[in-house]
Amino acid sequence: MMRDLDFFGIEVISFFKEPWFDNAVFSPGPSMNDPRDFFGLAQIGCRLFVFGGVGARTTEVMDLERSMEFSREPDMLLPRLACAAVSMDEQRILVVGGGISTEILSLSQDGRPPAFAPGPN
């Protein structure tokens, strides 16, 4: 029951109000620069990173607090279909799958631009 309270809120359980998502409506969000499916996704802070997809080695990022628009990041070393991504810390993202290797995106540090490097295998 505690899990239900956390998800629905005590008002829904106690007073039988409709959950907030019963009236939720989807609307179009910002467009990416490249159409893609089967992509990887990771988040660092308020930045959302999108990696690869069918035949793609491109990367895009959206700042959720500032622009709500996608911008290009550097291309990955290899195209990756159905990859996964996870933030390792505030400056690095590990991209796995979609191929036989892994890659690490290092965000800009010391004035250097963001770049991919081979990851652990």
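Two strands pair if DSSP finds at least two bridges between them; helices (H or I, at least four residues) and strands (E, at least two) are DSSP runs, numbered from the N terminus. This is a predicted model, in which local features need pLDDT of at least 70 and side-chain atom pairs count only at pLDDT 80 or more, while totals for chains, interfaces and linings use all residues. Residues are numbered from 1 along each chain as its sequence is written, and side-chain values use heavy atoms, with hydrogens and water left out.

**Fold**
- The chain contains two helices and eight strands, in the order α-α-β-β-β-β-β-β-β-β from the N terminus.
- Strands β3 (residues 59-63) and β4 (residues 70-73) pair in the antiparallel sense over four bridges, and Met-62 stands opposite Phe-70 in β4.
- Six residues lie between the strands of the β3 and β4 hairpin, where Met-68 takes a positive phi near 55°.

- Of the 121 residues in the chain, 31% are buried; buried means under 20% relative accessible area, exposed over 50%, and partly exposed in between (1.4 Å probe, protein chains only).
- Phe-38 lies in the loop between α2 (10-15) and β1 (40-44) and is exposed, with a relative accessible area of 52%.

**Salt bridges**
- The structure holds seven salt bridges, each defined as a side-chain nitrogen of Lys or Arg within 4 Å of a carboxyl oxygen of Asp or Glu.
- Asp-34 forms one with Arg-72, the closest N and O atoms being 2.8 Å apart; this pair links the loop between α2 and β1 to strand β4, across 38 residues.
- Glu-60 and Arg-36 meet in another salt bridge (2.9 Å, N to O); Glu-60 lies in strand β3 and Arg-36 in the loop between α2 and β1, so the pair ties together parts that are 24 residues apart in sequence.
- Glu-60 is buried at 0% relative accessible area, and Arg-36 also counts as buried at 13%, whereas Arg-72 is partly exposed at 48%.
- Arg-112 and Asp-110 form a salt bridge of 3.8 Å, N to O; Asp-110 is exposed, with a relative accessible area of 75%.
- Through shared partners, salt bridges join Asp-34, Arg-36, Glu-60 and Arg-72 into one network.
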